[in-house]
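Let's take a walk through a protein model together. Keep the picture open while you read, and look up each spot as it comes along.

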Amino acid sequence: MTEIGETTTCPFDFSKGMDFDPSLGDLMSQGPVTRIRLPYGEADAWLVTNWDGVRQVTTDPRFSRAGIMSHNYPRMTPEPIVSPESINVMDPPISSRLRRLASQAFTPRHVDRMRPAVEGIVDQLLDEMAEDGPPADLVGHLSDKLPQHTICELLGIAPPDRPRMQEYAHQLLSTAPDSRQAAADAKAQLREYFGGLVAERRRAPGDDLISMLAAAKDGDDALDDKDLAVMSLTLMLSGHDTATCQISNIAFLLLTRPELMDLVRSRPESLRQVLDELLRYIPFRKGVGIPRVATEDVEMGGVRIRAGDFVHVSYLTANRDPERFPDPDVIDPHRPPTPHMTFGWGGHRCIAAPLAMAELEATIGRLVDRFPGLRLAVPAEELRWDTETIRRFPHELPVAW
């Protein structure tokens, strides 16, 4: 049983189109558990890459998210993205309580109630793009504006505040060494902003998502003001990630793979299945997210992980595990339905995933239907891709129709 293997330094800065990061591919080929060093943090970490291993780490109570917060843990950004009070760094049963309460806002019934608002925003943005006429930048007209409108509209964030929310999100996700203070300031500003917003909704509830979460109950249990503020902040950040990155990435794949565009256009009922496969395939961010720390010795994948060791998982590699997905590097829109890990797994799977899927369905479905001749207006190799944050997305998508 191996304890410490060779350590691989991993900047995880690959951002070329939708190509899979070759360094992740190399780590997968070395075995299911490897040793890595990340750009920030004082310690090295284990990286788990196979489906079964990622599933074990994300569901095994011997791997703790809460335990990392007292350490300068290995990560991709100079400033930790999450705050100690965030649900993303809590362990059961504390996190389970918050998830039970928060998930009440994302039941099928509640998501169906939110669909008209999402669809109305998408239609408005596409109307504006059509009025401006081709060529038009799909990122500027749709992907960048949608998060300012959709998640901010659902949370009840006032329109003048929305550009500031987008800027804070970008600062928190930056990987630049000199961005730490800006990220820390952004985190503090967001906590203060959402604290005030929660107090306002307690005084005067509306039909927004924060008011809905404030009303959630499990017996006599309910979210307190701090829980609610941090939950709202987390949803805002996640909403920006989904809209800015995934809409752009999915549109890029449809625009560069005519057979996929033709399928979605000729068989609209296949949209959900196509989206699911694209979400599995897309390397939606660079490197890894939030680690866990082992609370006792654990043997897995041929190595002994010692108590106190940090453990990262890669949802990207789990989604490319050939044991789980035959021919994983191929986009197969007819692949039998098989759950993927793009929204996470286990106790930290994204609670807003049903809303994210509704948003993607509305956006891509209406885009394809509205612009039947949609095509890239420049060669794909001329597109610029984000190199400043942990996200993977094109800065612009010039299109014509």
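Where is the place of Gly-53? You'll find Gly-53 in helix H2, which covers residues 51–59. One thing before we go on: this is a predicted model, so everything here was computed.

Is Gly-53 buried or exposed? Gly-53 counts as buried because its relative accessibility is 5%, and the cut-off for buried is under 20%. Setting aside neighbours within four places in sequence, Gly-53 is in contact with Val-48 and Met-300.

Now hop over to Ser-179, which sits in the loop between helix H7 (162–172) and helix H8 (180–203). With a relative accessibility of 9%, Ser-179 counts as buried too. Its contacts, again leaving out neighbours within four places in sequence, are Pro-78 and Ser-174.

Here are the two side by side:

| Residue | Where | Relative accessibility | Contacts beyond four places in sequence |
|---|---|---|---|
| Gly-53 | helix H2 (51–59) | 5% | Val-48, Met-300 |
| Ser-179 | loop between H7 and H8 | 9% | Pro-78, Ser-174 |

**A helix on the inside**

Next stop, helix H6, residues 145–155. Why is H6 described as largely enclosed by the rest of the structure? Because 8 of its 11 residues are buried. Among them are Leu-146, Pro-147, Ile-151 and Cys-152, and also the pair Leu-154 and Leu-155. After H6 comes Gly-156, which has a positive phi, near 80°.

Strands of a sheet pair through backbone hydrogen bonds. Between S5 and strand S13 (residues 398–400) there are 2 bridges. To spot where they meet, look for Asp-137, whose bridge partner in S13 is Pro-398.

**Spaces inside**

How many cavities of 30 Å³ or more does a search of the whole structure find? The search finds 2.

Definitions and conventions
Residues are numbered from 1 along each chain as its sequence is written. This is a predicted model: local features need pLDDT of at least 70, side-chain atom pairs count only at pLDDT 80 or more; totals for chains, interfaces and linings use all residues. Side-chain values use heavy atoms; hydrogens and water are left out. On a 1 Å grid over the protein atoms alone, a cavity is a set of points where a 1.4 Å probe fits but cannot get out, and a pocket is an open set with protein on both sides within 12 Å along at least five of seven lines; lining residues have an atom within 4 Å of a point. Grid points are joined across faces, edges and corners, and a volume is the space filled by probe spheres set on the points. Buried means under 20% relative accessible area, exposed over 50%, partly exposed in between (1.4 Å probe, protein chains only). Contact means heavy atoms within 4.5 Å. Two strands pair if DSSP finds at least two bridges between them.
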